[in-house]
Amino acid sequence: MLGATLRALAVRAHKKGLELVCQQRPEVPDAMIGDAGRLRQVLLNLVGNAIKFTERGEIVVLVENAAEPAPEGEVLLRFAVTDTGIGIPPEKKAKIFQAFEQEDTSTTRKYGGTGLGLTIAARLVALMGGQISVDSAPGRGSTFAFTARFGLQPHPSETTAASPTVVLCGLPVLIVDDNATNRHILEEWLRGYAMAPTVADDGVTAMAALWRGIAQGRPYPLALLDGRMPDIDGLALAAKIRQQAELSATRFILLTSGDRPGDLTRARQLGVSAALLKPLQQRELLQAILRVMGHQGEPEGVPVSPAVVRPATPEGLVGVPLRMLVAEDNDFNRDLLEHILARLGLSAAMAVNGREALALLEREPFDLLLLDIHMPELDGFQVVGAIRERERTAGGHLPVIALTARSRKEDPERCLRAGMDEYLAKPFTAADLWAAIDRVLRTHPPRQPPRLDLLDAPVLLAACGGDPAMLRKMCRALQSRVPEYLATVRDALHDQDALRLRQAAHKFYGMLSAFSTAAGDQAADLEDVATHRLLPEALPIVEQLDRCATELARLAGGLTIETLRKQAEPADDPNRTASP
């Protein structure tokens with residue numbers, strides 16, 4: 001849960017040039033019983049504020065066991081979110097968790113304030129049996145810390161993460177990262193797994209360490225390279241290393257923000273073995289090192305494709321489930337495709353021929369079709385012809401990537417002329433497939449599924465304090481202001497007025513976040529886009545925001561405290577599992 005939550009915020013941090021770092025102490029249990037929804041909401045609020053109020057530097061999220069003892073069968077965790085932002089004056093700290101306290105201050109005018117967010121966070125922390133505090137001073141950043149109580153799993157699942165194979169013991173690893181916090185955490189993790197890490201903060205120091213290793217007869221088999229550094233980025237450093245024959249045995253893992261899709265081809269050419277998205281998770285890093293150095297975990301009998309280096313997921317697709325269909329008549333090819341998709345973190349429904357593919361498309365919607373051209377009964381051209389014919393009357397456009405084993409010069413043109421969007425010749429790598437998927441989805445993004453979880457009942461209950469009169473007041477305000485706010489947003493976008501758009505999006509965020517994390521995040525994304533004057537990227541966000549806000553206003557019409565409590569009941573299920 002922790003990794004997924006921070007990944008959702010990482011795009012916003014990386015846009016501002018900030019490092020978002022996560023450190024979970026080894027003693028923290030992997031699986032616990034608690035309210036994952038409340039924990040996620042608090043982290044989203046605190047980390048989101050840290051990003052908003054920090055212009056340069058880093059945000060570090062630390063998870064550790066709290067100093068206070070917990071009853072048997074429970075654990076009390078401490079979460080700390082530390083930033084290098086503007087800080088908070090002493091006279092403001094006592095009031096910062098009170099609603100509307102920051103309204104109309106100079107900080108609010110410049111950065112947007114926090115509105116109800118910290119008040120709601122404090123209430124959610126209390127519901128998790130913990131307390132929240134802040135340590136801050138102007139000019140030296142802030143640390144927001146809170147505790148939360150969780151139950152321990154009576155029979156935790158076994159894990160081998162703490163017992164890496166012998167191939168890693170004593171392994172020399174070079175860590176190259178300009179951020180001191182990242183270097184410290186990575187070094188600590190690798191030493192915990194009995195590896196022998198050396199750290200370098202720039203390309204010059206890294207090259208010196210590599211040559212020193214050669215001279216001492218102890219070369220570095222593995223280097224972890226930060227994708228973004230001021231003097232030389234990770235891929236440029238990899239290229240420099242590859243120019244030296246003596247250093248050719250070093251393997252690379254790229255630590256990337258995932259925001260430069262053009263790096264894919266370059267990384268493949270340089271032989272980068274794997275890429276990990278920041279903020280890193282300790283277990284994920286270990287698994288990647290095991291794969292790269294020991295070739296662990298690959299299924300027997302399935303050809304291993306070259307390393308997967310994924311470009312950035314388009315921002316509008318982050319967190320959106322991708323519904324894929326594969327039409328392939330060959331058993332081996334279907335198994336191989338399923339394996340490649342799994343390595344990319346994807347899955348798909350499988351059709352064994354063209355007729356079955358069309359039948360599945362009649363029954364349920366899909367966002368992407370991987371279509372083998374040469375199949376019995378109906379071949380790929382007949383299938384795509386039927387799909388495009390149906391779309392002429394029903395509307396829509398299903399992206400189709402053609403797959404063929406007979407690559408002839410005229411095949412790509414023929415496929416595109418028939419109505420397919422991309423063409424891949426077999427055999428292809430996982431990286432080739434992801435690049436094709438990435439290109440197609442940037443042009444034809446998947447349809448947003450209905451948001452059954454759009455309304456955050458626990459958050460709204462906390463915001464209104466369980467008071468029916470306050471709930472009615474909030475709902476009436478939402479219903480009356482949504483059309484007004486949407487009109488203001490659209491007018492500002494139409495006039496290409498970035499300042500007015502940022503202000504309108506911020507006001508929208510303050511209202512929507514009390515009702516819905518998803519809608520609040522969309523308003524915050526719009527505010528970020530306007531702040532950085534990236535107005536061409538605003539239209540799809542505005543369209544999503546319009547749909548969500550309109551639906552929220554509709555839902556608000558019949559809300560009662562009893563309805564909210566019923567919706568919140570699953571979150572209070574004692575058997576629900578949460579894990580940082």
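In which loop does A194 lie? A194 is found in the loop between α6 (180-192) and β8 (196-200), where helices (H or I, at least four residues) and strands (E, at least two) are DSSP runs numbered from the N terminus.

The model is predicted: local features need pLDDT of at least 70, side-chain atom pairs count only at pLDDT 80 or more, and totals for chains, interfaces and linings use all residues. Residues are numbered from 1 along each chain as its sequence is written, and side-chain values use heavy atoms, with hydrogens and water left out.

Most residues other than glycine have a negative phi, and most peptide bonds are trans.

A cis peptide bond, with omega about -5°, joins K278 and P279. P279 belongs to the loop between β11 (274-277) and α10 (282-294).

**The parallel sheet**

An open sheet is formed by 5 strands in the order β13-β12-β14-β15-β16, with parallel pairing; two strands pair if DSSP finds at least two bridges between them. At its edges are β13 (349-351) and β16 (422-425), each of which pairs on one side only. From one strand to the next the twist averages 20°. Strand β15 (residues 400-404) is joined to the parallel β16 by 4 bridges, and A402 stands opposite Y423 in β16.

Helix α15 (residues 430-443) lies across β12 (324-327), β14 (368-372), β15 and β16, and runs at about 175° to β16. Axes here are lines fitted to C-alpha atoms, for helices over the stretch in contact (heavy atoms within 4.5 Å), and angles run from 0 to 180 degrees between N-to-C directions.

**Nonpolar cores**

A nonpolar core is a set of buried Ala, Val, Leu, Ile, Met, Phe, Trp, Tyr and Cys residues joined through side-chain atoms within 4.5 Å. The largest has 90 residues, and F146 and F508 have the most contacts inside it. Helix α17 (residues 468-494) supplies the largest share of this core, 10 residues. Leaving aside residues up to four places away in sequence, F508 touches V482, Y485, L486, V489, A523, L545 and A549. A second, separate core of 26 residues includes V21, V60, I175 and L224.

Notes. Buried means under 20% relative accessible area, exposed over 50%, partly exposed in between (1.4 Å probe, protein chains only).
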